[in-house]
Amino acid sequence: QVQLVESGGGLVQAGGSLRLSCKASGTIFGFNAMSWYRQAPGKQRELVATITGVGSADYADSVKDRFTISKDNAKNTLYLEMNSLKPEDTAVYYCKFNLVTGLQGSTGDYWGQGTQVTVSS
């Protein structure tokens, strides 16, 4: 059984920085795309950034040039470096991994529990 545990959220002033981490544990045979999503109160969950299995990254326009997604497969960990934070970045941030969890190549999507990021003005 795979579990994702997030950390690194908190309260920060506008213009500040935070680094989120998401560590996977369990029986994992490979990593496909890994992503960060966020959900603000009263809004739908939105995709923030994605990194593919070969390391290609893509970002939502709202965070481009401010956020950086990275991963360490050896540590089963995904990161999100967030700089120049704005009050509108306030949300619960979730990680999602698409993992190879079976010897025959079966895959599945797994979500973290979410971590709160609050940016004060």
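## An open sheet, a disulfide and a salt-bridge network

Four strands make up an open sheet, ordered β1-β3-β8-β7, with antiparallel pairing. Here strands are DSSP runs (E, at least two residues; helices are H or I runs of at least four), numbered from the N terminus, and two strands count as paired if DSSP finds at least two bridges between them. The edge positions go to β1 (3-7) and β7, each with a single partner strand, so one side of each has no neighbour in the sheet. From one strand to the next, the twist averages 15°, with axes taken as lines fitted to C-alpha atoms (for helices, over the stretch in contact) and angles running from 0 to 180 degrees between N-to-C directions. As a general point, strands of a sheet pair through backbone hydrogen bonds, either parallel or antiparallel.

Before going further, a word on the model itself: it is predicted, so local features need pLDDT of at least 70 and side-chain atom pairs count only at pLDDT 80 or more, while totals for chains, interfaces and linings use all residues. Residues are numbered from 1 along each chain as its sequence is written, and side-chain values use heavy atoms, with hydrogens and water left out.

Back in the sheet, β8 pairs with β3 in the antiparallel sense, over six bridges. Its pairing with β7 is also antiparallel, and six bridges join those two strands. L78 turns up in both pairings: this β8 residue is the bridge partner of C22, and K71 stands opposite L78 as well. The strands β7 and β8 form a hairpin with four residues between them. In that turn, N76 has a positive phi of about 55°.

C22 also takes part in the one disulfide of the structure, a disulfide being a pair of cysteine sulfur atoms within 2.5 Å. Its partner is C95, with 2.0 Å from S to S. C22 lies in strand β3 (residues 18-25) and C95 in strand β9, so the bond ties together parts that are 73 residues apart in sequence. The torsion about the S-S bond is about 50°, which makes the disulfide right-handed. Both ends are tucked away from the surface: C22 is buried at 0% relative accessible area, and C95 is buried at 0% too. The cut-offs for these words are under 20% relative accessible area for buried, over 50% for exposed, and partly exposed in between (1.4 Å probe, protein chains only).

Next come the charged pairs. The structure holds five salt bridges, each defined as a side-chain nitrogen of Lys or Arg within 4 Å of a carboxyl oxygen of Asp or Glu. One of them joins the side chains of R38 and E46, at 2.6 Å from N to O. R38 is buried, with a relative accessible area of 5%, whereas E46 is partly exposed at 35%. Another links D61 with K64, where the closest N and O atoms are 3.1 Å apart. Here D61 is exposed at 66% relative accessibility, and K64 is partly exposed at 38%.

A further salt bridge brings together the side chains of R66 and D89, at 2.8 Å from N to O. R66 sits in the loop between β6 and β7 and D89 in the loop between β8 (77-82) and β9 (91-100), so this pair ties together parts that are 23 residues apart in sequence. Both partners are buried, R66 with a relative accessible area of 10% and D89 with 0%. Salt bridges that share partners join R38, E46, R66 and D89 into one network.

Leaving out residues up to four places away in sequence, R66 touches E81, M82, N83, S84, L85, K86 and D89, a contact meaning heavy atoms within 4.5 Å.

Finally, there is P41, in the loop between β4 (30-39) and β5 (46-51). Is P41 buried or exposed? With a relative accessible area of 73%, P41 is exposed. P41 and S7 are 34 residues apart in sequence, and their C-alpha atoms are 20 Å apart in space.
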